[in-house]
Amino acid sequence: MYYVVASGKKKSKIGVHSFLQLEQKLKERNVEYKLLVSEYPGHAIELTEKACEQNDCEAIIALGGDGTFYEVLNGMDTRIPIGFIPAGTGNDFARTLGIGVDIDECLDNIIGKDPVYLDYLKVGNYRAFNLIGTGFDIQLLKREEKIRKKYSDKNSYHVALFQTILKLKFNTIKFKVDDGEEIEQKFFMIDCCNGRWGGGMMPLCIDADPHDGFIDFVVINKFSRLKILPLLLKFSKGKLYKTKYVKRYRCKKVEFSIKENLEVNLDGEILDIHPLKVEIVHNELKYFKSSKDPVYPLVLLNNRKMKKNAV
């Protein structure tokens with residue numbers, strides 16, 4: 001029996017369409033399944049826990065965006081494999097895995113197939129598939145949340161971005177990679193990456209591999225405020241890593257604390273955890289792999305640019 005844990009966001013046209021289409025496809029294939037729909041934040045965790053306790057549960061299928069995948073992961077019994085059907089607006093982690101939104105293709109990869117190992121990140125009792133980080137993105141998310149009541153979702157983001165740039169703060173971090181020496185410095189943004197993308201197609205670490213057993217710890221150092229716009233432009237194009245402001249560490253664990261006690265982003269979930277020890281969990285959880293290889297970020301970004309120019 002396949003247990004489908006689906007996002008119940010009524011406002012998401014993408015999710016509702018995928019939800020209805022998935023049910024139809026499963027019935028056409030004569031697949032035994034049980035549908036569990038989340039109704040409030042954290043509900044998918046509870047639903048996944050209950051599904052994994054059932055004797056007939058052979059796999060969990062997560063339908064939704066990165067937030068749904070995050071909740072499902074945090075409710076998983078890791079002895080049971082997981083399948084992904086992306087139905088969010090960003091789908092950052094699914095893009096890293098080469099999993100598209102075509103439901104027939106997703107089911108072809110899942111039904112009757114053998115799962116393979118997939119890494120995930122762990123901090124305390126929390127798990128994350130894609131990334132754990134803080135800095136500029138947290139400042140932006142918190143500011144956007146405050147002004148969202150006055151503007152549409154699209155406008156609230158741009159207003160928040162403008163205000164965050166004007167009021168930018170460089171925080172102080174102390175961190176230790178594996179068992180190395182402790183480093184203290186000012187930073188713009190930090191991310192423990194298991195995936196390549198964040199924030200809806202922003203290339204955080206262009207060659208991270210969620211199967212290799214390593215965290216890609218990316219630190220963007222402090223820079224002159226006058227450089228923020230050109231650096232954000234390089235960031236959006238996947239070229240920021242070429243600048244002197246970015247340092248990358250490949251490691252098994254990262255321990256860090258932030259002087260200003262900034263909140264932390266776990267796959268879009270904002271939590272107040274200090275200090276942190278982020279570890280990679282390798283060869284424990286299995287998932288159903290895509291038959292297609294993921295598109296390399298710089299190729300995908302160039303293709304997106306070409307499509308815009310064609311229009």
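**Exercise 1.** Is Phe-256 buried or exposed, and at what relative accessibility?

*Solution.* Keep in mind that this is a predicted model. Start with the cut-off: a residue is buried when its relative accessible area is under 20%. Phe-256 comes out at 2% relative accessibility, so it counts as buried.

**Exercise 2.** Work out what kind of aromatic pair Phe-217 and Phe-256 make, and which elements they connect.

*Solution.* A pair of aromatic rings is described by the distance of the centres and the angle of the planes. For Phe-217 and Phe-256, the centres are 6.2 Å apart and the planes are at 20°. Planes under 30 degrees apart count as stacked, and that's the label this pair gets. Finally, check Phe-217 for burial: its relative accessible area is 0%, so it is buried.

**Exercise 3.** Now classify the pair Phe-84 and Phe-93, and find the cluster these rings belong to.

*Solution.* The structure has 14 aromatic pairs. In this one, Phe-84 and Phe-93 sit 6.3 Å apart, centre to centre, with 80° between the planes. Over 60 degrees means edge-to-face, and the pair is edge-to-face. Phe-84 has 3% relative accessibility, so it's buried; Phe-93 is buried too, at 1%. Zoom out a bit, and ring pairs join Phe-84 and Phe-93 with Phe-69, Phe-129 and Tyr-287 in a cluster.

**Exercise 4.** Follow Phe-84 into the largest nonpolar core: which residues touch the most other members?

*Solution.* That core has 45 residues, and the ones touching the most other members are Leu-22, Ile-60, Ile-82, Phe-84, Ile-85 and Phe-129. Skipping neighbours within four places in sequence, its contacts include Ile-60, Val-72, Phe-129 and Tyr-287. There's also a second, separate core of 28 residues, with Ile-138, Tyr-249, Leu-271 and Leu-276 among them.

**Exercise 5.** Which charged residues sit over the rings of Phe-214 and Tyr-117?

*Solution.* For Phe-214, it's Arg-250, lying over the face at 4.6 Å from the ring centre. For Tyr-117, it's Lys-286, whose charged end is 4.8 Å from the centre of the ring.

Technical notes
Residues are numbered from 1 along each chain as its sequence is written. This is a predicted model: local features need pLDDT of at least 70, side-chain atom pairs count only at pLDDT 80 or more; totals for chains, interfaces and linings use all residues. Side-chain values use heavy atoms; hydrogens and water are left out. Rings of Phe, Tyr and Trp (its six-membered ring) pair if their centres lie within 6.5 Å; planes under 30 degrees apart count as stacked, over 60 as edge-to-face and the rest as tilted. Buried means under 20% relative accessible area, exposed over 50%, partly exposed in between (1.4 Å probe, protein chains only). Helices (H or I, at least four residues) and strands (E, at least two) are DSSP runs, numbered from the N terminus. A charge sits over a ring if NZ of Lys or CZ of Arg is within 6 Å of the ring centre and within 35 degrees of the ring normal. A nonpolar core is a set of buried Ala, Val, Leu, Ile, Met, Phe, Trp, Tyr and Cys residues joined through side-chain atoms within 4.5 Å. Contact means heavy atoms within 4.5 Å.
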